[in-house]
Amino acid sequence: MAFSLNGWQVPPFKLKTFDIPGTKRRVTLDADAGRILVAVAADYHRTVRPIDVGPWDEGGYNPREARQAKAWSNHASGSAVDLNWSEEGALNSAWGKRFFALAKTRLAVAAIKRRYGSVVQWGGDWKALKDYMHWEIKPGASRAKVNALAKSLGIDANGVRR
């Protein structure tokens, strides 16, 4: 059995395709990680920037190695999601740097990080290479911890907060 950078199983224990609440988008993720990541995506859509405008540029499960490491990507375990990649782009996007420097944007992202930060991290916080589109389950965040947070926030198995 293999594992991604954050310690989640590759291939995922159980894949599930989720509708992202409030959008016309769907994403495939690990069934447990997806509960939280889809709720993050819905909050992002509602408070930071719409994700269902323009091309379909959101993604989750992708069985590939990490771009900056010789290991499985967190996408390979279905425990990472990318949002609005055509503009926010990967790895030090100039557009992302400008957008995420705006006070309103910083406040909205900070609220998402406060809500989910015990189990989720944002690629925009990475030190060397910023990956503004990227949200993932933190290394060491167990399936039990992810599910406990989902329960405490009232997030159902489909990623919908009640």
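Select Arg49. With a relative accessibility of 16%, Arg49 counts as buried. Here buried means under 20% relative accessible area, exposed means over 50%, and partly exposed is in between, using a 1.4 Å probe and protein chains only.

Before moving on, two notes on the model. This is a predicted model, in which local features need pLDDT of at least 70 and side-chain atom pairs count only at pLDDT 80 or more, while totals for chains, interfaces and linings use all residues. Residues are numbered from 1 along each chain as its sequence is written, and side-chain values use heavy atoms, with hydrogens and water left out.

**Stop 1: around Arg49**

Stay on Arg49. It sits in the loop between α1 and β5. Helices (H or I, at least four residues) and strands (E, at least two) are DSSP runs, numbered from the N terminus. Now show the neighbours of Arg49. Leaving aside those within four places in sequence, Arg49 is in contact with Tyr44, Asn84, Glu87, Glu88, Trp95 and Phe99. Contact means heavy atoms within 4.5 Å.

Pick Glu87 from that group. Glu87 belongs to helix α2. It is partly exposed, at 35% relative accessible area. Beyond four places in sequence, Glu87 is in contact with Arg49, Asp57, Ser93, Trp95 and Gly96. Now draw a line from Glu87 to Ala2. The two are 85 residues apart in sequence, and their C-alpha atoms are 32 Å apart in space.

Asn84 comes next. It lies in the loop between β5 (80–82) and α2 (85–88). Is Asn84 buried or exposed? Asn84 is buried, with a relative accessible area of 2%. Check its backbone too. Its phi is positive, about 55°, although Asn84 is not a glycine. Most residues other than glycine have a negative phi, and most peptide bonds are trans.

**Stop 2**

Go to Val10 and Pro11. The peptide bond that joins them is cis, with omega about -5°. Pro11 is in the loop between β2 (9–10) and β3 (15–19).

From here, select Ala76. Its place is in the loop between α1 and β5. Ala76 is buried, with a relative accessible area of 0%. What is in contact with Ala76, leaving aside its neighbours within four places in sequence? The contacts are Val10, Pro11, Pro12, Tyr61, Asn62, Pro63 and Arg64. Ala76 and Trp8 are 68 residues apart in sequence, yet 9.0 Å apart in space, C-alpha to C-alpha.

**Stop 3: Ser4**

Select Ser4, in the loop between β1 (2–3) and β2. Ser4 counts as buried, at 6% relative accessibility. Show side chains. Those of Ser4 and Asn6 are joined by a polar contact of 2.6 Å. A polar contact is a pair of N or O atoms within 3.5 Å; within protein, one must be able to donate a hydrogen and the other to accept it, and residues adjacent in sequence count only if both atoms are side-chain atoms.

**Stop 4: the nonpolar core**

Now select Ile36, Tyr116, Val120 and Trp135. These have the most contacts inside the largest nonpolar core, which has 35 residues. A nonpolar core is a set of buried Ala, Val, Leu, Ile, Met, Phe, Trp, Tyr and Cys residues joined through side-chain atoms within 4.5 Å. Colour the elements that give two or more residues to this core: β4 (26–30), α1 (31–47), α4 (103–116), β6 (120–122), β7 (134–137) and α5 (143–153). Which element gives the most to this core? That is α1, with 9 residues.

Zoom in on Val120. Leaving aside neighbours within four places in sequence, Val120 is in contact with Ile36, Leu37, Val40, Trp135, Glu136, Ile137 and Lys138.

**Stop 5**

Select Lys104 in helix α4. Lys104 is exposed, at 70% relative accessible area. Its C-alpha atom is separated by 9.4 Å from that of Thr47, 57 residues apart along the chain.

Then select Ala144 in helix α5. Ala144 is exposed, at 56% relative accessible area. Ala144 and Asp32 are 112 residues apart in sequence and 9.0 Å apart in space, C-alpha to C-alpha.
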